[in-house]
Amino acid sequence: MKAYAISGRAIVLGDDITTDAIIAGKHCRMADPERLAPHALEGVVVNFAGKVKRAGAGKGNGPLGAIIVAGKNFGVGSSREQAPLALLGAGVKAVVARSFGRIFFRNAVNLGLPVLKCPRAASVIRDGQTVTVDLAGGLLRCGGEGRVLPGERLPLFMMGILDDGGLVPHIKRRLMDGKA
Amino acid sequence: MAATASEKILARHAGQKKVTPGEFVEARVDLSMAHESARIAIQSFRKMGAKRVLRPQSVVLVLDHRTPAECEETAVVHRLVRAFADEQHISNFYDVGEGVCHQLLAEKGHVRPGALIVGADSHTPTAGALGAFATGVGPTDVASVWATGKIWLRVPETIRVCVEGKFPPGVGATDLALSLVGRIGAYGAEYRAIEYCGSTIALTGIGERMTLCNLSTEMGAKAAIVEPDQTTMSYLAGQGAAFNGPAVRADPGASYDVKQELLAGELEPMVACPHSVDNVRPVRKVAGRSIDQAVLGSCTNGRLEDLAAAAGILKGRQVARSVRLIVVAASRTILLEAIRKGFIGTLLEAGAVLENPGCGPCLGAHQGVLAPGESCISTTSRNFKGRMGSPEANIFLASPATVAASAFRGVITDPRTVMR
């Protein structure tokens, strides 16, 4: 298994960010991440895509990228895959939340967007702080202070889907291996 | 070991003797459904390198979310889905105007008790009204089912909800469901299945059961099940899909995560206030708030009994001048029957705007989008900020009777104060 560790600057959000808030129904006639990105979290964060870009403009060893750190029930609501697609399009590297809407969680894994359930992250992490999502360990490491917040490790087969880059390449590989 | 109905259905489809909550299984899917969400499913299916849908007869495709196409981009999506249905010999394809996917699944005989159903729509648990384990997934999930016939699922814990007694006048399934969302919260059933039982449920028709299972999604439920009974069997026979197999039932002594008990006689008309479905209050507590739009319809409440309840209140009356009342039947069959019974004539005479069967304005894409500062009372399933247009609009969710009473008065109104 790949050792999954994703570092980035935290964009801290509140509780109950719905799929309608992540991407409104009126934009779901589109499905391209690049076209959805400018509308991601419209009405929650002013110019979210711009904020992700600025967060990613790291010094030294290349761009850092942004990691969403949210409260409870992130992505509650619709089955629209446009929600994780819009976040990916905006350049989000991973989502950490106290809890997730069930279908958003599936969709994120299926699209290869790493997700981590971490109960205390949103109350501890500050906006702009550098964090590292340690998927293999099921942990969130806070940059600078060396603090580690426990989270929930993903089941092995979900890690397998993420390893393959999402459900599409995962099934493609299985179909080619004749194991589907 | 004693098992819940959900556990039995999942075990059977995973090819196992038993399953345990928290366990992940790969289960054989009996039926998969997608609507305009099929667009992403088709893209994913192609990228998977799949050529043929494994069992085309187990696939249902419906165009309902933006119908007729409200813009060119949607028209292209519709064309893509039509062409795919044709190419893959998917005969269960329902084009623009047939109705909402969840209604069509039940009405056209696609739902079998004990079946495992997945749909690329969050309100797929609606099919649990007929005793199926039905759950919402993403469109790429559906593509994988087309390609492999299987899906990965976490076996949910089960919540048992027992409701006893008769609904008082002016109170129904929506009020029961909203009371329950208010009690357990929008996350109260997350990752869990709900199984409904009790004398109240036994007395309800399939339409009311669909309302209840549909709104279970707003409690976070992965699936919601009403065990099949004589009402279920009569309904299925009436749809030309008679079911003679053994119905899946929970074992006595099955282990439940939580048990909830409600008395129908103690319920009253309820409303979910902005901007979350669990912000629930009795209608009388918010009565008098002015509204600009009233919506009657959707997969939650667009069935014959819902149109009848509204027509009963609005017969011989006029919708308030300050209100736009939008009516959307959940299917063509329902619309035709409502026309025959005179409900649609009554609603049109009262001043309603009639739309084609489908999702209508529920998802905020067209057919009744709200301006900033406007308020809407709706029988639909979500009142999230920005759901029906402007993020600065307010959406209240309530029963068909409450929506009709409110459209009549121009302000949120307890239906018991205007019932004749």
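How many helices and strands does the secondary structure of chain B come to?

1. Chain B comes to 15 helices and 18 strands in its secondary structure. This is a predicted model, and chain B averages a pLDDT of 97. A score of at least 70 is reached by 100% of the residues of chain B. For the model as given, ipTM is 0.94 and pTM is 0.96.

2. Overall dimensions of chain B. Along the principal axes, the C-alpha atoms of chain B fill a box of roughly 55 × 55 × 40 Å. The radius of gyration of chain B is 20 Å, which agrees with a compact globule, because 420 residues in that form would have a value near 22 Å.

3. Packing of chain B. Of its 420 residues, 61% count as buried. Among contacts in chain B with a separation of 6 or more, 78% are accounted for by residues 24 or more positions apart.

4. Domains of chain B. The chain is divided into domain 1, covering 5–14 + 22–263, and domain 2, covering 270–417. Taken over C-alpha atoms, the centres of domain 1 and domain 2 of chain B are separated by 24 Å.

5. Contact between the domains. In chain B, 33 residues of domain 1 are in contact with 32 residues of domain 2. On the side of domain 1 of chain B that touches domain 2, at least two residues each are supplied by α4 (101–107), α6 (173–184) and α8 (206–216) of chain B. The largest share of that side, six residues, comes from α6(B). By class, the residues of this side of domain 1 of chain B divide into 19 polar, seven nonpolar and seven charged.

6. Contact between the chains. Chain A gives 33 residues to the contact and chain B gives 43 residues. On the side of chain A that touches chain B, α1 (19–22), α5 (102–110) and α8 (167–177) of chain A each supply at least two residues. The side of chain A that touches chain B has 14 nonpolar, 10 polar and nine charged residues.

7. Helix α5 of chain B. Why is helix α5 (residues 139–148) of chain B largely enclosed by the rest of the structure? Nine of the 10 residues of this helix are buried, so the rest of the structure largely encloses it. The buried residues of α5(B) include Asp141(B) and Trp146(B), and also Pro139(B), Val142(B) and Val145(B).

Note on methods: Residues are numbered from 1 along each chain as its sequence is written. Chains are lettered from A and ligands numbered from 1 in the order in which they are written. This is a predicted model: local features need pLDDT of at least 70, side-chain atom pairs count only at pLDDT 80 or more; totals for chains, interfaces and linings use all residues. Domain bounds come from an automatic or database domain assignment. Two residues are in contact if their C-beta atoms, placed from the backbone, lie within 7 Å. Helices (H or I, at least four residues) and strands (E, at least two) are DSSP runs, numbered from the N terminus. Ala, Val, Leu, Ile, Met, Phe, Trp, Tyr, Cys and Pro count as nonpolar, Asp, Glu, Lys and Arg as charged, and the others, Gly among them, as polar. A residue is buried if 20 or more other C-beta atoms lie within 10 Å of its own, exposed if 12 or fewer, and partly exposed in between; C-beta atoms are placed from the backbone. pLDDT is the predictor's confidence in each residue, from 0 to 100. The radius of gyration is taken over C-alpha atoms; the globule rule is 2.2 Å times the number of residues to the power 0.38.
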